[in-house]
Amino acid sequence: MSLIPCQRDRFDIPREVAYLNCAYMSPLAREVSAAAGKGMALKAAPWTYRPADFFTHTEAARSRFAALAGGSPDDFAVVPSVSYGLAVAARNLPLRRGQEIVVLADQFPSNLYIWREHAIACGARIVTVKREAGEAWTPAVLAAIGPDTGLVAVPNCHWADGGLVDLDAVGAACRKAGAALVLDLTQSLGALPFDADSVQPDFMVAACYKWAMGPYGIGMLYVAPKHQGGTPIEHNWMNRGGSEDFSRLVDYRNDFQPGARRFDVGEKANPPLLMGAAAAIDMLLGWGIANIAETLGSRNLALGKAARGIGLLAPDPETRAPHFLSLGFPGDVPIGLPERLAAENVFVSLRGRSLRVTSHLYNDDADCDRLIAVLREALG
């Protein structure tokens with residue numbers, strides 16, 4: 001592994017802007033915007049768009065998903081959102097009455113609402129894992145997994161403060177308990193190494209518009225092979241067997257495209273999104289995910305030290321993901337702090353009583369210095 005030099009020249013970010021908010025939404029690199037633009041141009045000349053193109057761009061993106069997250073291309077479905085992918089997971093993971101669904105406290109809503117509904121439908125119940133300030137998530141999650149656990153739905157790191165969950169340990173505990181494991185990796189995939197073959201989730205979903213650095217409106221759903229014969233939540237023409245032959249579409253068929261393709265969203269053949277997502281993943285793979293994690297982790301260690309130097313609180317690096325830094329305040333959050341930062345062209349997110357700082361390779365020391373300078377002034 002090695003530290004990656006600043007990549008700001010690959011992004012259209014003005015020098016006066018310190019954008020430290022990748023967990024909110026990543027900017028698109030120039031090459032990603034160009035790839036999406038090429039995809040958009042195809043719609044301008046539809047007479048050049050062949051029937052085979054409805055499938056080739058989708059399969060190219062599917063191969064990138066597997067390169068990023070492990071498994072094979074056959075294990076991935078193209079989805080428009082995390083909520084869509086989780087609805088597929090819920091449809092195919094029945095629970096017995098009285099079983100438990102384990103989630104984190106204050107988990108992102110998309111990875112909670114579906115499980116509340118699923119619990120009601122199945123007669124199951126939600127078990128919410130909590131931790132004390134400064135403690136790690138993993139021991140608390142492992143302690144919650146027992147003989148009544150039917151499903152564990154967690155991220156790799158908490159969306160609000162980056163608190164880390166050891167997915168290898170949780171995956172092993174789920175297998176021992178006979179529980180299903182469903183992951184939302186939107187806040188980590190692309191910035192933290194992940195291997196589906198190692199963790200062995202039943203389902204994993206990730207939107208592409210944050211750490212995967214792709215367009216909004218497209219995501220990936222990993223489906224373990226044992227679930228690939230399951231039931232999709234919609235039935236569209238392209239997911240059925242033989243749909244490549246447009247001349248025989250009304251020869252209605254009962255079989256599906258192979259692997260996880262039966263779970264693809266309708267109108268999946270959207271070249272701007274597919275080509276943009278593929279270009280973004282190629283960029284990430286070129287840098288190396290482990291190298292990204294090391295580079296962002298090194299910067300956040302320095303930022304945390306600087307923040308503590310002006311009186312802020314920073315979590316133990318052992319309990320958080322390296323690409324996340326959550327800064328706490330010794331007293332009340334200064335009134336209007338996010339607006340004050342934005343007025344200085346410094347962009348972060350306030351989540352509860354913590355300031356979520358999530359830089360990426362387009363940031364440099366000048367961005368970090370400006371953040372600390374504005375915070376020092378705000379704290380008086």
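**Labels and the values behind them**

Analyst: Glu-59, Arg-62, Asp-74, Arg-261, Asp-264 and Lys-268 are joined in a network of salt bridges. The model is a predicted one, where local features need pLDDT of at least 70, side-chain atom pairs count only at pLDDT 80 or more, and totals for chains, interfaces and linings use all residues. Residues are numbered from 1 along each chain as its sequence is written, and side-chain values use heavy atoms, with hydrogens and water left out.

User: What makes the contact of Glu-31 with Arg-10 a salt bridge?
Analyst: The term asks for a side-chain nitrogen of Lys or Arg within 4 Å of a carboxyl oxygen of Asp or Glu. For Glu-31 and Arg-10 the closest N and O atoms are 2.8 Å apart, so the pair meets the definition. A search of the whole structure finds 18 salt bridges.

User: Why is Glu-31 with Arg-10 said to tie together parts of the chain?
Analyst: Glu-31 lies in helix H1 (residues 30-44) and Arg-10 in the segment before strand E1 (18-19), so the pair ties together parts that are 21 residues apart in sequence. Helices (H or I, at least four residues) and strands (E, at least two) are DSSP runs, numbered from the N terminus.

User: How do you know whether Asp-367 is buried or exposed?
Analyst: Buried means under 20% relative accessible area, exposed over 50%, and partly exposed in between, with a 1.4 Å probe and protein chains only. Asp-367 has 0% relative accessibility, so Asp-367 counts as buried. Its salt-bridge partner is Arg-15, at 3.0 Å from N to O. The pair links distant parts of the chain, with Asp-367 in helix H11 (residues 365-379) and Arg-15 in the segment before E1, 352 residues apart. Arg-15 itself has 41% relative accessibility and therefore counts as partly exposed.

User: What about Arg-64 and Asp-282: which label does each get for accessibility?
Analyst: Arg-64 is partly exposed, with a relative accessible area of 23%, and Asp-282 is partly exposed too, at 37%. Their side chains meet in a salt bridge of 2.8 Å, N to O. This pair links Arg-64 in helix H2 (residues 53-69) to Asp-282 in helix H8, 218 residues apart.

User: Why are H3 and H4 called roughly parallel?
Analyst: Two packed helices are described by the angle between their axes and the distance between the axes. Helix H3 (residues 82-91) and helix H4 (residues 110-122) pack at an angle of about 30°, with their axes 9 Å apart. Angles under 35 degrees count as roughly parallel, over 145 as roughly antiparallel, 65 to 115 as roughly perpendicular and the rest as oblique. H3 and H4 are therefore roughly parallel to each other.

Terms used
Axes are lines fitted to C-alpha atoms, for helices over the stretch in contact, and angles run from 0 to 180 degrees between N-to-C directions.
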